[in-house]
Amino acid sequence: MGANIANGIGASALRKEDQRFLTGAGNYTDDINIPGQTYACFLRSPHAHAAIRKIDTRAAAAAPGVVAIFTGEDLAEAKVGGLPCGWLITDVNGQPMKEPPHPLLAQGKARHVGDQVAVVIAETYLQAKDAAELIEVDYEVLDAAVDVATATQPGQPAVHDIAPDNVCYVWGHGDKAAVDKAFAAAAHVTTLEFRNNRLIPNAIEPRAAVAQYSRSEDAYTLHVANQNPHVERLLMTAFVLGLPEHKVRVIAPDVGGGFGSKIFLYAEETVITWAAKRVNRPIKWTAERSESFLADAHGRDHATRAELALDKDGKFLAMRVHTKANLGAYLSTFASSVPTILYATLLAGQYATPAIYAEVTGVFTNTAPVDAYRGAGRPEATFTVERLVSAAALEMGIDQAEIRRRNFITSFPYATPVGLTYDTGNYEATLAAAMKIADVAGFPARREEAKKRGKLRGLGYSCYIEACGLAPSNVAGALGARAGLFEAGEIRVHPTGSVTVFTGSHSHGQGHETTFAQVVAERLGIPFENVDVVHGDTGRIPFGMGTYGSRSLAVGGTAIMKALDKVIDKGRKIAAHLLEAADSDIVFEDGNFKVAGTDKQVAFGQVAFSAYVPHNYPLDRLEPGLDETAFYDPTNFTYPAGSHICEVEIDPETGVVRVVGYTASDDFGNVINPMIVEGQVHGGLAQGIGQALLEQAVYDPDSGQLLTGSYGDYAMPRADDLPNFKVDTQVTPCTHNPLGVKGCGEAGAIGSPPAVISAVIDALKELGVRDMAMPATPHRVWQAIQSARA
Amino acid sequence: MYPFQYHRPANLAEATALLGKLGEGKALAGGQTLIAAMKLRLAQPSDLVDLGGIAELSGIRADGDAIVIGALTRHADVAASAEVGKRIPALARLAGSIGDRQVRAAGTLGGSIANNDPAADYPAGVLGLGATVVTSRRSIAADDFFSGLYETALEPGELIKSVSFPVPQRAGYAKFANPASRFALIGVFVCQEKSGAVRVAVTGGGNGVFRSAELEKALAASFTPAAAAAVKLSADGFSGDLHASPEYRAHLVSVMAGRAVAAALG
C-alpha cells in the first residue's frame, strides 16, 4: 500500500451512504412499487400450539379486493417444500439432529403465536387485512411447551412428533474425561446457573418483500430486506420452490438494520414469490411492527449451568458447561449452529484453560424460532466465561484484573481445547488500556463519594474474544455447514479509470460503500470519489455469502484485495507494453505504473483507457478490458478481542442501575475507518447494555402468549439509558488476511453484558448479593437487595 | 384502522349534539391513546368527533385562588406556562414529564383524565391537587371523578370543558417510570393545601389513581421526606406484572412520596 491519498485506509471518511439516508433518498424494499402490485397479509396463529381442524376462507374470498387466498393445503398440493436448515448438527451418539418440517404455511398444526396460517392477497393492504379477519380457523388448542428449562421434562407437550421429548440434539464438544479429571483435583470450583435472556432483534426497518413474476421472461424478481441475497436465492430456489436459480433475481436494496434477523430465509417472502406467478401480479408484504415481535427470529434464550475449576492460585484448570438452548418451534436457517459451533468453540475466551467440555441440548418449544442475533453464540459464550471468571475472583478474593492476567494466553498462535487456533492477540494491552481510560485507580474514591449520596457503585470487567470472518469453508463443512462461507469481489475498472466494486457482502448499516471504497482508493491510488460499491443484487454481483458474523471486511474485503491484485497484475503487463519494458521491471506506486529505477511511468487511468481502447495494446498476449473477479475462502477465523470495563451506580431505594462509565478497548486488527468502527462499537454496546439491563422477550409460561409484544413492554435501550462511551483500539494485525483486519460489528454486544452484570454484583456485594439475572431491571435489583437484607 | 366518519364541530354545543346522535361515536382530543388503539384495531368507533376546532376548550387562565386549564390544552403548553410554573410548579413539571415531545405536543389534559389510564400522570395531579372537573353539564370534584380502571364519572355525551386547580401552599410530583413504556410504574403527587391539609394521590398502582390515607396522615403530622419514606404500605390492591410485583409497587409509593415531598419543599 502506501498511496498517500485523502480518505484512504485509516481515514475517518464521512460515509458516502449518509447523504441519501439523511435526506430521505434511501431506497428500501417498502419504497419499491411495481405497476399492478397487490398486497399480502398473513393470518397468524393466536395460539402457541393448536391443531387446525378446518380453515374456512369463503367469506374472506368474497371480501372486496381479494385476489387470492392460500393455506398450507394449497402449498402442499402444489408440492412446495418447507424451509431448510443450513447446518447439520450431529449428536453425542453420532445421530443427525431431528429436522422436523418447517412449512411455509401451517399444515395441520400451528406451533407458536404468530405462526403463519394463511395468506390473503388483495388490491390494497387494508383489504387483505380486512379479509384475513374473515377467515375462520377451527383450532383445537393444545398445551404448549414454552420454557427452555422445562420443555424437555417428561409430560411436556411435544412440539413435533419426531421429537417427543422436544430434544433436537444433545451435542458435546471437548474432552469430557480430561475435564472431569481436572475438576476432581481442583482447589476451588465456581458454579453458576443462569439464563441468557431471550431478545427480539428490532431492526428499525421491519422485514419486507416485493415479489414479481414476468411471463415474458418466465423469471422472478424479489426485492427483500435481507443480509445475503445470494444465499436467500439459493435456499429459496433450490431447496423450497424448485426453481432454476438463473430465473430468480433477488435484490436486497437499502436495508435498515438486520443484526442477524435478516440473514434467514423466511416463509413470507417465499410464499409471495411462489404466489406471484399463481396470481400473475406483483405482491408486496411489509411486516407490521407487531409482526416483527412475533415472527422475526429471536436471539439467545439459553439456560446454562457452568463450572470453572481453579488451582489454589486462581489458575484455571478446566471448564464444564451444560446449556439448554431454545430453538423455538422450527429450525430457522442457522438455528442449529448458533448455540453449538458458534458458542462452545469460544469457551476458552482469552484464557489458557487446559480442558473444556460443553454439552448443548437444542430444544424445541412453542415459541418463535431462535437464530443468530448480533454476536450469535459468542455473546452467550462470553457471558458464560466472564461471569465464571468474575465470580471465581470474588469467591477466592483475587482482584478482577489479576485473575484475568494470571490466565491470559500470551503466546500465539494458540490452539484452544475447543477447536480454534488464535493467530494473534495482546490481551494485556487492551486490559491495561481499558483500566487506564476507566481510571480504575480512582474507583475507590468514586465509590466512597457515591456512598455519601446513598448510592452503591460497582466496577465490572469483561475480557471477551470472538471468532469472526466466517469462515474457512472446509472447517465449517466438517462441522456440519451445508454451505460454503467464502466471499466474492469484482473490480470493474471503467475506461477513464473510475471503479465499480461488486461485492457479495451486503451493507445494512455497516458503511461498506465507504470502507470498501477507502480500500480500493488506497490500493489503486485513485480518488475515493471515483469508487462506487454495488451490493445486494444477484443480477449484478458475483455469488457471495453476504454479511453476518463481522465477516465483510475480513472476508469480503480480502476478496476485493485479491481482485485488485489481479487488476494491478494485468495493469502491469499493459504498462510494460506502453513503456516498452519487461513486465518484471514494472512497479505500481501511488497510482502509477513505473519502470523501476527510472522516471518512466504511466498513470493508472491511462492503462485503464488503453485496456478499453486497445489501439496500442499487447493483443497478442492479453485480452482487452480491466475487470477482475476474485473469490476468497479464509484459512482461519479472525479473533477480535478486547477488554470492557463498566461502572454502575445503583439506587438501593429503587433498584435503578445507572451505567455511569463504560470503557471499551478493542483489538480489531487494522482499522480502515475509525469513525465507522467507533459507531459500530457504540451500537453494539447499546444492544449489549440493553440485554444486561432492559431487554427481555417474555412468553407466558402456560399459554405461550408473547407478553412483550410491543415497545410498551419490551424495553429498548434509549439514549438516556447509556453513558458517553470511552472507546479505544489496540492493534495486533490479523496474520492471515492482507488487510490485517478482524471485524468489529458484534464486539460491543458480545463484550458488554457480563461487564454490566459483574459491575452490578460488585456494587451489591457488600450487601451479600452474589448473583444477578439479566436483565437487571430495577425490580430485580430491588428484590435482590431485599433478599440479601432479609 | 377501520374506516370511520370524521367530524370537526366548531363549538361545544355542536360537539355534544353530534356525540348524542352518533351511537358509536368517540370524542377525539389529542388522540394519544385513541388513535393508537384504532391503529391496532382495538377500537372501532363509527365516528370521530374532533374537539380540536373548539377554541373555548383551550387555554390557561387564573381564576382567583385557582388556575383553570381548558380540556384541550396540550401538555407542552401546560409545561411551558409561566402562570402554572409560578403558582403550581409541580403541575407544570408533571405535564413536562408526560411521554415524549411528540406526545406532549399533541396530548391534552381532558383527553388524559377522560381516559383515566391507570398509569397516566395527570390523574395524580388532578386528584392530588383536589381539582374540580368542569364538564358540559356540571362540576365534578376530583374525588368523585375517577371511578376505576379507565372509568370516570362522565356520562355518555358529557364532555370535559376545563379543570380548575386550586393553588396549593406547596406540591410535588415524583414518578418512577416503567423502563419500557416510561408510563408511571408508580407516580405520587403530594400537596399541602393553603389550609394545611395534605393530599396524596398515587398513579400506576394498577386499578386507577387513588389517595393514600396512610401517607396523608403521616405527612399531615410531618411534611417531610422522612415521614413519607417511613410509611410502609400493604401490597394488597397493587397490581403485579412482568415489570413490578405488588410489593415493589407498594414500596415505590413510599420512596416516590418522599421524593415528591422533597420536590415540594424545593
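Contact here means C-beta atoms, placed from the backbone, within 7 Å. Keep in mind that this is a predicted model, where local features need pLDDT of at least 70, side-chain atom pairs count only at pLDDT 80 or more, and totals for chains, interfaces and linings use all residues. To find your way, count residues from 1 along each chain as its sequence is written, with chains lettered from A and ligands numbered from 1 in the order in which they are written.

Stay with chain A. Its secondary structure runs to 19 helices and 28 strands; these are DSSP runs numbered from the N terminus, helices being H or I with at least four residues and strands E with at least two. The radius of gyration is 27 Å, close to the 28 Å from the globule rule for 790 residues, so chain A is as compact as a globular protein of that length. That radius is taken over C-alpha atoms, and the rule is 2.2 Å times the number of residues to the power 0.38. Along the principal axes, the C-alpha atoms fill a box of roughly 90 × 75 × 50 Å.

Next, select 50-56 of chain A, which is strand β2. You're in an open, antiparallel sheet of three strands ordered β4-β2-β6. The edges are β4 (109-110) and β6 (136-141), each with a single partner strand, so one side of each has no neighbour in the sheet. Pairing requires at least two DSSP bridges between strands, and β2 and β4 of chain A have two. Pick A:Ala50 and you'll find its bridge partner in β4(A), A:Ala110.

Now jump to 552-579 of chain A, helix α15: its 28 residues should span 40 Å at 1.5 Å a residue, and the end C-alpha atoms sit 38 Å apart, which agrees. (The expected span is 1.5 Å times one less than the number of residues.) Just past α15(A), click A:Glu580, whose phi is positive at about 55°.

Finally, colour chain B by domain: domain 1 is 5-53, domain 2 is 55-166 and domain 3 is 170-265, with bounds from an automatic or database domain assignment. The C-alpha centres of domains 2 and 3 of chain B are 19 Å apart. Their contact takes 20 residues from domain 2 of chain B and 24 residues from domain 3 of chain B. On the domain 2 side, α5 (89-96), α8 (122-128) and β8 (146-148) of chain B each supply at least two residues, and α8(B) gives the largest share, five residues.

Technical notes: Contact = placed C-beta atoms within 7 Å.
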